Amino acid sequence: MGAVGALALTALPAWTAAAVPSATAVISEVYGGGGNSGATLTRDFVELANAGSEVFDLSGYSVQYLPGSASASSLWQVTPLSGSLAAGNRYLVGEGVGSGGTTALPTPDASGSIAMSATTGTIALVSGTTALTCKTAADCTADSRVLDIVGYGTAVVREGTGPATGASNTASVSRAESLADTDDNAADLTAGTPTPVNSAGQTPDTGGGEGGGGGGGTTDPGTARIHDIQGTTRVSPYAGKAVTRVPGIVTGVRTSGSKGYWIQDPEADTDARTSEGLFVYTGSATPTVAVGDSVLVTGKVTEYYPSSSSQSVTEITGPTVTVLSSGNALPAPVALNTTTVPDAYTPDAAGGSIDALPLEPTAYALDFYESLEGERTTFTDARVVGATTAYDELWVTVKPDEHPTTRGGTVYSAYDQPNTGRLKVMSLDSTAAFPTANVGDALSGTTTGPLDYSTYGGYNVQATQLGTLVPAGLKREVTRRQKGNELAVATYNVENLDALDAQEKFDRLAEGVAVNLNSPDIVALEEIQDDNGATNDGTLTSEATLTRFTDAIRAAGGPRYSWRYITPENSTDGGEPGGNIRQVFLFNAKRVAFQDRAGGDATTATTVVKTRKGARLTYSPGRINPTSDAWDSSRKPLVGEFVFHGESVFVIANHFTSKGGDQPLHGRYQQPTRSSETQRAAQAAEVNTFVKSLLAADKHAKAVVLGDLNDYEFSGTVTTLTDGGVLTPLITTLPAAERYTYVFDGNSQTLDHTLTTPAVTHFDYDVVHINAEFADQASDHDPQIVRIDVARCRRH
């Protein structure tokens, strides 16, 4: 939560105002009408804001003013600054005082005496206190000392297409709440009622009520209550406005990460759409309040978007707080369960934003959760559906009967069934170790805390009371060994394995192959890297990586595997930069023979040749049309021809492009756009075309297409891949509750697949669950295996 952006400055580097829009300190508001006729405020001001995530040191900086129509004799006037600007906070510079107006500014953080024009002028934020000398927009924006410029009215010196318009005796120009800085004043700033805020979060004291000042000694609440601020949509009607003395009881305090605390109004209104809870963001400062404190909070209302496609968090930033009393009873929490959480997930905005839609908390789960944003919530005896992560978080379901898997998870089986009972759980108790949970375990008893929202996972409970972990004793599966007449083919994503990884990783992955998969005859590996992993020095081979891995498999009781792969071109196949990721075939040469046909390389396609004995490959190993645009910055399929008991079997190992860039299920755009599907559809079409060429040469050809397809069994990717009935997805031969290879955000889902051609009629297929459901993982994917009775699949 809070403001986001690049690292803030701690020194005085050179900046180019027009070349790189600021992601740290910006000029957020300019007002030159103070003390003029009709003005309420008695003084001009410049407000700065920190759009970054770190404290910005203002020591040695200045704000400078130039008249809008500068003459040859016009000079920049300088007001030096001092102190620092916390992330997300404001900094107020008071300037010239007039004879009119009735209301003083809140205490400025810096003071000058510049008599600014109400209607036209230029303000610059400058590294240093020496007056600028530039008189044109081009010269000023090119000055390396200038961090930001705001020209208003008819100012000659400005950023972009034109100055900000609308400034007057009663109107300032200010940035949007997002603090967006595109280096175009006309686009970035708009006119409105002046809203100066200082670094303490104080606003002008108008004698109480909304927008009233930061103190004055009164302990009377302002007119804005939390439910007024939260409103009936996802975006606050007070966004961008200062609010004064908002009352509430502190219900939770976060002292690490995004620091702040939650307050809740014990005097709720009667509108189910308006939350009574709110987050108060304190930036880098550790909150000084405690749970049970009755407080009045003054600050500015913001809508913080953790990411571009996420929903926002309504919060108060730059706060000042008055503690009225301590040890107060907390408002009763709202129960989260099958009865209260709707079965429908989200309203549909045809791919657009749902921000402005009126909340319907009785109709949609996302609306229900949003109507409780910041409020105390509670659930009891919840099943864990996503194991504890390295970030001390886990997933539960508050709906125990919602699409359960056979091992305690919740299966994701269709786009319209996203599982509304899933919630992420964290703990605000820094004194107790967070429990290490696996899927199927339970949080017994009561878990209670404010309902929050984040980029990673959406709505989550920040537990002030965490249920007791009750382990379910989930075991890692061990599949049976193949029979003598069965060819066992497996796929395993080994998660960026390279020769520099710790021996423990090699040993655990090796155990998965030798013990849990029971030593398949062929293993298609995804995410084998070059021998020095992310080191980007042109290394391409994986010989050291594969030697260590096959040695570890042998030590774990498996066979001595041989391997084949195609060496990629440097930095062309996506994955971790420098890693040169690829697919690899391991095979047990005592059980199955690899049919080597030289000539395949990174850019040469293997093809199918029809012979009197059936189909064969021109190159083995080889790649499928590797120069196709479908494979841009992505892994190319690896094709190999094997012989088992005199029968040819073709294996195609895949690792399709990732789902990165897709909008989240819980985001503000509904239904979410899955933009990554476009490339996977093209990749699936390439593989489908290749399989069709194989079957055109031999309709009885036995082929196994497998690997990490990064898409679901109900996706368009799989539909394209199986077009024409040339492949059967084996995951669909399992019961619905067993169709998963991966767990993400509490959803057990299928990303890894095994598909076979029609001639493969006698098989035994198994997903071997050893990773995805466990907090302690060797990989984030579960492997799978198919055992084919080749003799019974022979042509008749």
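Student: Which residue in E2 does Glu-29 stand opposite?

Tutor: Glu-29 faces Glu-47 in E2. The model is predicted: local features need pLDDT of at least 70, side-chain atom pairs count only at pLDDT 80 or more, and totals for chains, interfaces and linings use all residues. Residues are numbered from 1 along each chain as its sequence is written, and side-chain values use heavy atoms, with hydrogens and water left out.

Student: What counts as a strand, and when do two strands pair?

Tutor: Strands are DSSP runs of E, at least two residues; helices are runs of H or I, at least four; both are numbered from the N terminus. Two strands pair if DSSP finds at least two bridges between them. Here, E1 (residues 25-31) and E2 (residues 43-50) pair antiparallel over six bridges. E1 also runs antiparallel to E11 (residues 172-175), through two bridges. There, Val-30 has Val-173 as its bridge partner.

Student: How many helices and strands does the protein chain have?

Tutor: Eight helices and 41 strands.

Student: Is E1 mostly covered or mostly uncovered?

Tutor: Buried means under 20% relative accessible area, exposed over 50%, partly exposed in between (1.4 Å probe, protein chains only). In E1, seven of seven residues are buried. For the protein chain, 57% of 796 residues count as buried.

Student: What share of contacts join residues at least 24 apart?

Tutor: A contact means heavy atoms within 4.5 Å. Take contacts between residues at least 6 apart in sequence: 70% join residues at least 24 apart.

Student: What does the C-alpha trace span along its principal axes?

Tutor: About 105 × 65 × 45 Å.
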